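Here is a short note to keep beside you while you look at the model for the first time. Have the sequence and the 3D view open together, and take the points in order.

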Amino acid sequence: MSTEFQAAAAHLAAEFLAQNPTERLKALRAQVPGRVVFTTSLGLEDQVITHLIGEARIDIDIVTLDTGRMFPETYTLWRDTEDRYGVSIRPYYGKGDALEALVAKQGIDGFYNSLESRHACCEVRKVEPLGRALAGASAWVTGLRADASQNRAGMEAVALDTARGLIKFSPLFDWTRERIADFAARENVPVSPLHAKGFLSIGCAPCTRAIAPGEPERAGRWWWEQEDAKECGLHVDADGRLIRAKAANPETLHK
Ligand code: SF4
């Protein structure tokens, strides 16, 4: 990773806390040359980011990983979001031959059988397409928040993803879910009707359930698994470890 790249990341990190999320996205676009990609799952945080990109007309590619197993409501929201903001949300799909082999091997709902089977499904439907979506990109915009889950508690707003060779940028990193929901309501951002039914974190339909009041936000994802196993592989490094840098501190970005 070039020193210019590291310097841009350090500069973005130094400015981050003093900026609002639109300013953060504009700063990213201004300071990082090349393709900037935002991966949306059409969840609450991601809808707010799409709103910010769409309203300010920021030159950031919006993409989604269509696993083929998403809720019908998610597809409706996808269409409505494109209409509302005049943007195109480009889909990336798992490769046809890999999908066919996966389902032939473990069955259509084989992900319930073991952690290995579940990871195999996420690999084919999400992780491999994500690699293609981010190929050649300089920066990856995500909707991660610091408080979203135990696994993500140590993530930082501006991180160097050395495995992918890009800057990972989370403009809502320091916002709470309540603050994001208030913003979405105030700005009339289209959001999934599933949120009001207890689906706080929305992923694939067979792997997501509603949560009860007081349950952790991501308890509804892969609910049959142990808590410490729950990530889809989208934010892990090449060695399979969750990417967790230290603070959003320019000093750490040079190391
Ligand atoms: S969340 Fe479930 S259905 Fe979706 S890719 Fe992962 S295992 Fe497959």
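**The outer and inner sides of a helix**

1. As background, an α-helix has 3.6 residues a turn, so residues three or four places apart point the same way.

2. A word on what you are looking at: this is a predicted model, in which local features need pLDDT of at least 70, side-chain atom pairs count only at pLDDT 80 or more, and totals for chains, interfaces and linings use all residues. Residues are numbered from 1 along each chain as its sequence is written.

3. Back to α4, which spans residues 72–85. Its 14 residues reach 20 Å from the first C-alpha to the last, close to the 20 Å expected at 1.5 Å a residue, where the expected span is 1.5 Å times one less than the number of residues. Just after the helix, Gly86 takes a positive phi of about 65°.

4. Now zoom out. The chain has 8 helices and 6 strands, taken as DSSP runs numbered from the N terminus (helices H or I, at least four residues; strands E, at least two). From the N terminus on, the elements follow the order α-α-β-α-β-α-β-α-α-β-β-β-α-α. Of the 255 residues in the chain, 35% are buried. Among contacts with a separation of 6 or more, 72% come from residues 24 or more positions apart; a contact means that two C-beta atoms, placed from the backbone, lie within 7 Å.

5. How are the strands arranged in the sheet? The 6 strands form an open sheet with mixed pairing, in the order β3-β2-β1-β4-β6-β5. At the edges are β3 (89–92) and β5 (158–161), each pairing on one side only. Two strands count as paired if DSSP finds at least two bridges between them.

6. Phe38 stands opposite Val141 in β4 and opposite Ile62 in β2.

7. Next comes β2 (residues 61–65), which pairs with β3 in the parallel sense over 4 bridges. The bridge partner of Thr64 in β3 is Pro91. Val63, also found in β2, counts as buried because it has 21 C-beta neighbours inside 10 Å. Leaving aside neighbours within four places in sequence, Val63 is in contact with Val37, Thr39, Ile89, Arg90, Tyr92 and Ala133.

8. Which residues touch the most other members of the largest nonpolar core? They are Ala139, Val141, Val158 and Ile167, in a core of 38 residues. Apart from it lies another core of 9 residues, including Phe111, Cys121, Cys204 and Trp222. A nonpolar core is a set of buried Ala, Val, Leu, Ile, Met, Phe, Trp, Tyr and Cys residues joined through C-beta atoms within 7 Å.

9. Finally, look at the loop between α7 (177–186) and α8 (250–253), where Asn188 lies. Asn188 has a positive phi of about 60° although it is not a glycine. Trp222 lies in the loop between α7 and α8 as well, and its phi is also positive, near 45°. Are these two residues buried or exposed? Asn188 is exposed, with 9 other C-beta atoms within 10 Å, whereas Trp222 is buried, with 23.

Notes:
A residue is buried if 20 or more other C-beta atoms lie within 10 Å of its own, exposed if 12 or fewer, and partly exposed in between; C-beta atoms are placed from the backbone.
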